[in-house]
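Please read these notes with the model open beside them.

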Amino acid sequence: MRDSFEALREDEQLLNELLQETIRRKENESVHAIVEEIRMLAREARSGDKNAYDKMEEYLSRMEVKEAIPVARALSYFLTMANIAENHHRQRRRRLFLSHPDSTPQRWSLEETFQQLLQRGISPQKLYEAVVSQRVELVLTAHPTEVVRRTLLQKYVHIAQALERRDRKDLIPQERLEILDSLRRELAIIWETDELRQEKPTPIDEARSGLLIIEQTLWDVVPQFLRSLSSTLQKYTGKALPLNISPVSFGSWMGGDRDGNPNVTPEVTRRVAWLTQWMAAKLYEEELTKLREELSLVHASPKLIERVGQVREPYRVFLRQIIEKLRDTRVRVEHLLAGLPDPGKPYYRSTEDLLKEIELIYDSLCETGNELIAEGRCVDILRRLTVFGLTLVRLDIRQESHKHTKALDAITKALGLGSYAAWSEEERQKFLLQELQNPRPLIPMNFEADEEVMDVIETFRMLNRIRTESLGAYIISMARAPSDVLAVLLFQKESGRKRWLRVVPLFETIQDLESAGKTMDALFSIDWYRNHIAGHQEVMIGYSDSSKEAGRFAAAWYLYKCQEDIIAIGKKYGVRITLFHGRGGTVGRGGGPTYLAILSQPPGSIQGHLRVTEQGEMIQAKFGLPGVAFRTLEIYTTATLQATLTPPREPLPEWREIMEILAQKAQRAYRQVVWENPRFVEYYRAVTPESEIPELKIGSRPTKRRSEGGLESLRAIPWIFAWTQTRILLPAWLGFEQAMEESIREGKLEVLQKMYQEWHFFHSTVDLIEMVLAKTDLYIAEQYHKKLLGEHLKDIANNVLAKLKCAIEVLLKVTQHKKLLEENEVLERSIEVRNPHLDALNMLQAELLRRLRQNESPELRRALLLTINGIAAGMRNTG
C-alpha cells in the first residue's frame, strides 16, 4: 500500500488548484493575487516565520471591505475543500482495507471486533445473542450548529462523488477530462451561490433536512450495512442476522423538540409526522417499482397465487397492487398536508401491513427454489422496513417540566382544587396517582386558559391523532421529581391515548445529575409506576448545561457518577435502564470520537441498549457520504457490543477519590473565572462574535432562553459556538489546568499517569481535552484580545491565556507525550492542513469585528458572517 496520505494530498491539491482557477475566473486577477498573498503569509507563519503574522495582520488591517468579502469566501472554501477531500479519503481507506481481506482488519470494524471478542472467550452463541438483542438508536436533532445551507451541502456531496469516480483505475483520458469539467462546474455553481441564509429555517425545514440524509445516504447504506453484519455474523457464529432484527434504528427531534422553541407548535409536529410518512411511501414506491421490474418470474407459491389468481407474471401483478396502495398512501398524506379531504382509498395504516406482503413475496421466492433472487432487493426492502418502518424515524417530543406544572396548576385552580404549583411533592404524587387510576376525565371539555397552558394540552391532544409508530419517547427537560414523570402520563391519559408514549426524564444540571439517583429511586418506589413500565426505563442525561455550569472536565465526572447511580437504582428494583446520551458535536457538549465515548462509560451502563443524539453539523459529517455513514453505523455497533460483552474494569477506589478531588478543584477554578467574576460576561461578549451569531439564521430555536440576562440566559450551543470561533475553546478545558497543576504539586503525577494508562474513562476524558487543546492557538487568541478588548478587561484575557498555556503543559505531563496528538497522526495532520487558512480567517474576523463595533455597515456584517461560516467549516465541530 502506498503512503496512507498520498491520495489525500493529491485530492487536496487538485481541489485547491480548481478553486484557485474558479476565483481567478469569477472574480479578477487582483482578488486572486490578494488571496494567494494571504495564503502564502499564513503558510510562512505556520512554518516558523513569526514576522509573517505581523505582515498578515498589517495586510488585513488595510484591506477594504469589498476585498474582504471574496477573501473570506475563498479562505472558507479552501477549508471546505479540505473537509470534502478528507471525508472522501475516509471512504477510500475503508475500501482499501476491504480489498485486502488477508491483512489486519480495520480498527473497530465488525471483522476485528468479532475476532477479538471470540479470542477473549466470548462464545459464538453469546456473541450471536448479543448482536441480535442489541438496540442502538441514533436520534437526529435540529440543534443550530450546521452553518452550511442545504443546497451547498448537496453540491459538496457531488464533489465527493466526482473524486470517487476519479479513483477508478480503468478511466480513459476523456473520462478523466469529463470528471475535471464536472468539478469545475460544481465549483463555479458554488461560487455563484449565496452561502448565507436569508431567513431562519422553520422546524419543518429542519425536518426536511433530516429526511434528506435518509434519502441521500442512509436509505441505501442501512441495508448494505445489515447485509455486511449478517455475513460477518454467519462467518463467526454460523448464524445470519434474522430479517426482522436490526441493531440500529433512527429517531428524530426535528419538529418534536418544543423545549424553548415556540415555533414548534402542535400543528408543526403533526405536519412533520405526515411529512415522514409521505417520504417513506415515496421511497418504498420507488424501491418496489425496481423490484417489480426484476421479478418477471412465472412460478409462485400457492399462497401468492391465491392473492393474484392464475396470471402469467404473478409477482408483477401483486407488486402493482402494492405500489398502487403505496401511491394512494402518499396521495392521502398530500391531501392532509394541503388541508384537503381524505380521498377515501385504501392505504397502509401500519408497517406490519406492508411487511406481511413483502414477506409473502420473499417466502414465495424461497418456496419455488429462488432463494438467490429472494436474497437480493427483496431482502433489502425487508431490512428497510425493520429499520425505517413506514415513518423513517420515530419522532420524540420534548418539553420542559415547568410547562406541565403550569398547565396542571391552571387546571386544578379552574376546578377549585387549589394550586398544584404550591403543593408539596407528596401532595402532587397523591393527586396524580389518583387521577391516573380514575376513569373519569379531569380536564373539562370547555376548559380554557392562556396560550402557554393550552399549547401543552393541545400538544397531547394532537399526539393522540398521530399513529403510534410515528412517535418515540416523551422527553421531560429539567425533570427533578417523580411528579414530573407522572404529570406527563396523566396528560396522555387525559388526551384519550390508548398506547402511551414512554416518558423519559432528562437530567442536565449539576444539581440534577447529583440527585438523579434519588429521583429515580423515589419514582421506582411507586408501585403503580413500577407496574406501568414493566421492567424497563429510559433515562436521558444532557451534557451541555453541566459543562456550561462546571466546565467539561468536572462535568464528565458528574455524568459518570450519575450513570452509576441510575444503573444501581435500576438493579435495586429489577428495572433495565436504557441511557439516552444528549451529546453535542464538540467536546464541550459531550462530543468526540464515538468509540472512545462509548467505551469510557461506567461498567454495566451499556447493556446492549443505547440512544444517542446526532446533531447539526455532525449529521452531515457522519452520514453525508455512503462510506462514512457505513463506518459510523459499524462503529456504533461494535463499540456498543464491546462495552456490553467486555465492559471496562471498575476504577480503583484510590482513582475515584482522586477524580472526585480533581472534579471539585476543576469546578471551583472554572466557576471562579466564568461565574464569579462580574466582568467575565463583558469579556466574553467583547472577545467573541456571540452577538453576531444569531444573524447566521442557522436554527429555528432562539439562541437565548430569554432576551435579557447574562450567562445563565444563554443556551449552551451558542456559548460553545462563540468560543470555537476564537480558537480559545474555553469551556472544554478551563478548570482542568488548575486541578491537574495542584494535584501534580501535591505529588500525584505518577498516579495520574497510571490512571491515564489504565482507566478508560480518565484516558478518554484527557484525550478529548488534548484534541481540543490541539485546535486552540495562543497567538490567534491574542489577536482577538488586542483588537477587541479595552484595558479594563486585559487582566481577564491574560489570565485566560496563562491558563490555556498551563493546560497544555500539565496535559503533556499526565499523558507523557512530547507534543499534542503524538499518538493521533490522522487528526494532527487534519489540523495542520487547516491551520493556515483558519489563522487567516481568524485574523480577518478579529479585524472585521473591530471595525464593525466602531462603524456598522451591511458590507462589514456580511464579511464577518462569512468568516464565521468559514471558521465553523475549518473547526469541523462547532456546537
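1. Surface first. Accessible areas come from the Shrake-Rupley method with a 1.4 Å probe; for residues, only the protein chains shown count as cover. The accessible surface of the chain is about 34700 Å², and carbon and sulfur atoms hold 49% of that. The model is predicted: local features need pLDDT of at least 70, side-chain atom pairs count only at pLDDT 80 or more, and totals for chains, interfaces and linings use all residues. Residues are numbered from 1 along each chain as its sequence is written, and side-chain values use heavy atoms, with hydrogens and water left out.

2. Overall fold. The chain has 36 helices and eight strands. These are DSSP runs (helices: H or I, at least four residues; strands: E, at least two), numbered from the N terminus. The C-alpha trace spans about 85 × 80 × 60 Å along its principal axes.

3. Of the 879 residues, 61% count as buried. Buried means under 20% relative accessible area, exposed over 50%, partly exposed in between (1.4 Å probe, protein chains only). Take contacts (heavy atoms within 4.5 Å) between residues at least 6 apart in sequence: 81% join residues at least 24 apart.

4. Salt bridges. The criterion is a side-chain nitrogen of Lys or Arg within 4 Å of a carboxyl oxygen of Asp or Glu. The count is 77. One of them pairs glutamate 137 with arginine 502 at 4.0 Å, N to O. Glutamate 137 is in strand 1 (residues 135-141) and arginine 502 in strand 5 (residues 502-507), so the pair ties together parts 365 residues apart in sequence. Glutamate 137 is buried at 12% relative accessibility; arginine 502 is partly exposed at 33%.

5. A helix-to-helix pair. Glutamate 287 and arginine 377 form a salt bridge at 2.7 Å, N to O. Glutamate 287 belongs to helix 10 (residues 266-294) and arginine 377 to helix 14 (residues 371-388), so parts 90 residues apart in sequence are tied together. Glutamate 287 is buried at 5%.
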